[in-house]
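Hi there,

Here is the structure I promised to pass on to you. Have a look at it first, and then read my notes below.

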Amino acid sequence: MTEYGYFLSCEEHSPSALVEQARMAEQAGFTSLWISDHFHPWTGEQGQSPFVWSVIGALSEATSLPVQTAVTCPTIRMNPVVTAQAAATSAVLLDGRFRLGVGSGEALNEHILGDAWPQASVRLEMLEEAVQVMRLLFEGGQVSHHGKHYTVENARLYTVPDEPVPIDVSAFGPAATEVAGRIGDGLLTTRPDAEAVERFRRSGGGQKPVVGGVKVCWGPDREAAEVTAHRLWAVEQLPGELPQVLPTPAHFEQAAELVPRERVTAKVTCGDDVEEHVAALRAYADAGFDRVHVSQIGPEQRGFFDFYRTKVLPRLAS
């Protein structure tokens, strides 16, 4: 049976707000947490971008729910050795309730140190090697590695959980999905794509977990919710590789001007119709997902959690 979690958006909310949302999510009956990992928000309108590892530390004291980054890029801005240390410490703080979600990243976050932004095939190659390095470090021994993209000399993690941190891989296309099947402990994606689930399972994923994320914009006024969804997340409807290659929030703001409101509302459930919210989540269950994380767009957080606690989650459990 599909489980339902909450997706904490670091792009929209301050650290203290994220921690409070995690508390409300647990009280509402959500069973796990996703949290985004960005250096920049997608647009200035979103307005936030706290350091995710500090927030995870606070979450470990605020909630008993499992936590996963969705997703961390462990290849350029964050070296895989440093990412491994952050993930291992998070897993210890959370008593093993932490999974590391990784992906090949976006120029928006990764170019900030002046590094070149590689093409997609190279980024996947770097991700695969980074995962190899992190798995070695999670074993707790001393690691030296001389690979194509990374060199590690005499590195050892002294603070490690009892079991290695699971690493799930994000994918949005066939090549990345096959990499996820080959190297991941699970698949992460934000589309209810049954074909991608099947590709992941055929590529080596087997019965490993498939976990999704979906955005909604609850509110008693549907039109106001639609305006909010378009204002804050029109960027999610940009086509092709644009989200991976645009370098700054200003560039995303320019591109988002080309996205009509109708395109956003065709993809994002807005308003307070229970059936529409239930259908949006059941689409993931029907596609074979094991868990789905819901993100409420905008400031109407308390009303959203009350709505899901009393009306949506009970329907999904029936």
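**Salt bridges**

Lysine 215 counts as buried, at 11% relative accessibility; buried means under 20% relative accessible area, exposed over 50%, and partly exposed in between (1.4 Å probe, protein chains only). Before we go on, please note that this is a predicted model, in which local features need pLDDT of at least 70 and side-chain atom pairs count only at pLDDT 80 or more, while totals for chains, interfaces and linings use all residues. Residues are numbered from 1 along each chain as its sequence is written, and side-chain values use heavy atoms, leaving out hydrogens and water.

Which residue does lysine 215 meet in a salt bridge? The partner is glutamate 236, at 3.1 Å from N to O. A salt bridge here is a side-chain nitrogen of Lys or Arg within 4 Å of a carboxyl oxygen of Asp or Glu. Glutamate 236 is partly exposed, with a relative accessible area of 38%.

The structure holds 18 salt bridges. Another one joins aspartate 37 and arginine 77 (3.8 Å, N to O). These two sit 40 residues apart, aspartate 37 in the loop between strand S2 (33-35) and helix H2 (52-62), and arginine 77 in the loop between S3 and H3. Helices (H or I, at least four residues) and strands (E, at least two) are DSSP runs, numbered from the N terminus. Aspartate 37 counts as buried at 5% relative accessibility, and arginine 77 counts as buried at 15%.

Arginine 291 forms a salt bridge with glutamate 3, with the closest N and O atoms 3.4 Å apart. This pair is 288 residues apart in the chain, linking strand S11 (residues 291-296) to strand S1 (residues 3-8). Finally, Glu20, Arg23 and Arg302 are linked in a network of salt bridges.

**Around strand S4**

Now find strand S4 (residues 98-102), where four of the five residues are buried. Strand S3 (residues 67-69) pairs with S4 in the parallel sense over two bridges; two strands pair if DSSP finds at least two bridges between them. Valine 67 has phenylalanine 98 in S4 as its bridge partner. S4 also pairs in the parallel sense with strand S7 (residues 167-170), over three bridges. There, glycine 101 stands opposite aspartate 168 in S7.

Happy exploring, and write back with any questions!
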